[in-house]
Amino acid sequence: MNTLLGIVLVLGVMILVHEWGHFIVARFFGVRVDVFSIGFGPRLFGWKRGATDYRVSALPFGGYVRMAGQDLSEVDSSNVAPTGASDELMSKPRWQRALISVAGPTVNLIMPLLLLSGFFWIKGMPYSAYLDQQPVIGAMKANDPLAKAGVVAGDRITVVNGITTPTWEKVYEAFSELRSESSYRVIVEHEGATRDVEAAGKDFVQADAPGYYAMVAPIVSQPIRGMGAQRAGMKRGDLVVSVNGTKITSWMEFKDMILNSGGHPLVTVVSRQGQFVTLKLEPQSIVGEDGKANYRLGVGAEERWSYKKMTFSTAVESASVSTWYGLRQLLGVVGRLFSGKQSVKMLLGPVGIIDQAGQAVQEGSFAVINLMAIISLNLGILNLFPIPILDGGNILLLALEGIRRRDFSLAFKERFVQVGLVLILVLFGYVMYNDVARFLPIHT
């Protein structure tokens, strides 16, 4: 049921939004729309309103809008040849046809802003619940300046540079602009007494402070299919007890062991439903946002969220920042894929997306909204690629025709689309293969 609901919410709604973008601009320019379909293949059900057949088709991996007089090379053989009527697509100027093509991706790029703005305004901005807790240190590295001064796990940070810090949120605010060249004075409560420690910013940076301090329980969330944690049998809710014989008390300790593993196996003991289970985890080297390779297992800490109420204006502002950040991340991935720094194997196809959609429904409303925003951005960018059969390919073709001041022949357009179709099918097949392989017991 979670997976079915996820398909409807994530794939269905985002495809609907994309096609609605094409539809609304086509109707604005007076183009008659014959079919508005969610999915491809045979018609399952639907209704007809005016000239448009609104339908759901058998294959839910996309969708399309079929317009009157649409170029025979663009969708399928069921199109009716253009007659020259004023409400047909091919009778419209190229600039209008280009705007119709760009409308779908544009709506997809705008949708995350609308989704996140609404969520932040109605429910609030999500943040980790532990940020409201007292800043009791859970773990420190040996090179931490506080550790060198005698501070130990269990001590509480009370003041940073004269700023009182009753919660972890205030601690992070005090360290928000941590500079290597600056000096920091930290007061810590230790067994009823206080310790006053002053250290250079570079010492805190080298020790990953203060991000390393928080007592976040090493309980894992749903592992990503096909990566080290899932392949080794790690499950959501597992409590990490030890790694290679070293006791683990906080999530940051576990994360640090992964990052510094050098790709070597991590013999990990977890507590699962009252029993200890030993797993052999094998980290993978993956290129991150900064272009550098890091070792990862494909699992995160189980999040517990709190929500901060926001005004409409601050909700829109925060949603804009989140959307821009997501877009930059996505463009970074695209760049690394084309440069060969990131493997195509990391891409998710329909099977992987459906699996993640089901997990998102299980995790809650924020996970669903977040995944919908990510999928929408992906659809927007992907469809702008200048590949025949995609919206970007159609825009490219119209631009070239505009430069030539005449249309290409129908035979050329058919070849153009056929090349794009072959490229898309090859990529689709490869991604689908990797998708299915992630569900197999052994994946290499």
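Modeller: The crossing of α2 and α10 is left-handed, a label used if the near helix is turned anticlockwise from the far one by less than a right angle, with right-handed used if clockwise. Helices (H or I, at least four residues) and strands (E, at least two) are DSSP runs, numbered from the N terminus. The model is predicted: local features need pLDDT of at least 70, side-chain atom pairs count only at pLDDT 80 or more, and totals for chains, interfaces and linings use all residues. Residues are numbered from 1 along each chain as its sequence is written, and side-chain values use heavy atoms, leaving out hydrogens and water.

Biologist: What makes α2 roughly antiparallel to α10?

Modeller: The axes of α2 and helix α10 (residues 365-383) cross at roughly 165 degrees and come within 7 Å. Axes are lines fitted to C-alpha atoms, for helices over the stretch in contact, and angles run from 0 to 180 degrees between N-to-C directions. Angles under 35 degrees count as roughly parallel, over 145 as roughly antiparallel, 65 to 115 as roughly perpendicular and the rest as oblique. The angle of roughly 165 degrees is therefore in the roughly antiparallel class.

Biologist: Which residues of α2 and α10 make the contact, and how do they divide into nonpolar, polar and charged?

Modeller: Contact means heavy atoms within 4.5 Å. On the α2 side the residues include Leu-109, Pro-112, Leu-116 and Phe-120, and on the α10 side they include Phe-366, Ile-369, Ala-373 and Leu-377. The division is 15 nonpolar, five polar and no charged. Ala, Val, Leu, Ile, Met, Phe, Trp, Tyr, Cys and Pro count as nonpolar, Asp, Glu, Lys and Arg as charged, and the others, Gly among them, as polar.

Biologist: Why is α2 also called roughly antiparallel to α11?

Modeller: Helix α2 (residues 94-122) and helix α11 (residues 391-404) pack at an angle of about 160 degrees, with their axes 9 Å apart. That angle is why the pair is roughly antiparallel. The crossing of α2 past α11 is left-handed. Arg-94, Arg-97 and Val-102 are among the α2 residues in this contact, and Asp-391, Leu-398 and Glu-401 are among those of α11. The contact of α2 with α11 holds five nonpolar, three polar and four charged residues.

Biologist: How do you know that Thr-52 is buried?

Modeller: Buried means under 20% relative accessible area, exposed over 50%, partly exposed in between (1.4 Å probe, protein chains only). Thr-52 has a relative accessible area of 6%, so the residue is buried. Thr-52 lies in strand β2 (residues 52-67). Beyond its neighbours within four places in sequence, Thr-52 is in contact with Phe-23, Val-33, Asp-34, Val-35, Phe-36 and Trp-47.

Biologist: What makes a polar contact between Val-33 and Thr-52?

Modeller: A polar contact is a pair of N or O atoms within 3.5 Å; within protein, one must be able to donate a hydrogen and the other to accept it, and residues adjacent in sequence count only if both atoms are side-chain atoms. A polar atom of the Thr-52 side chain lies 2.6 Å from the backbone oxygen of Val-33.

Biologist: Why is Thr-165 counted as buried, and what does its side chain reach?

Modeller: Its relative accessibility is 1%, so Thr-165 counts as buried. Thr-165 is in the loop between β5 (163-164) and α4 (168-174). The Thr-165 side chain reaches the backbone nitrogen of Val-159 at 3.5 Å.

Biologist: What makes Arg-405 exposed?

Modeller: A relative accessible area of 74% is why Arg-405 is exposed. Arg-405 lies in the loop between α11 and α12 (410-438), and has a positive phi of about 65 degrees although it is not a glycine.

Biologist: Why is Arg-304 exposed, and which residues does it touch?

Modeller: Arg-304 has a relative accessible area of 51%, so the residue is exposed. Not counting residues up to four places away in sequence, Arg-304 touches Tyr-127, Ser-128 and Ala-129. The C-alpha atoms of Arg-304 and Ala-129 are separated by 5.6 Å, with the two residues 175 apart along the chain.
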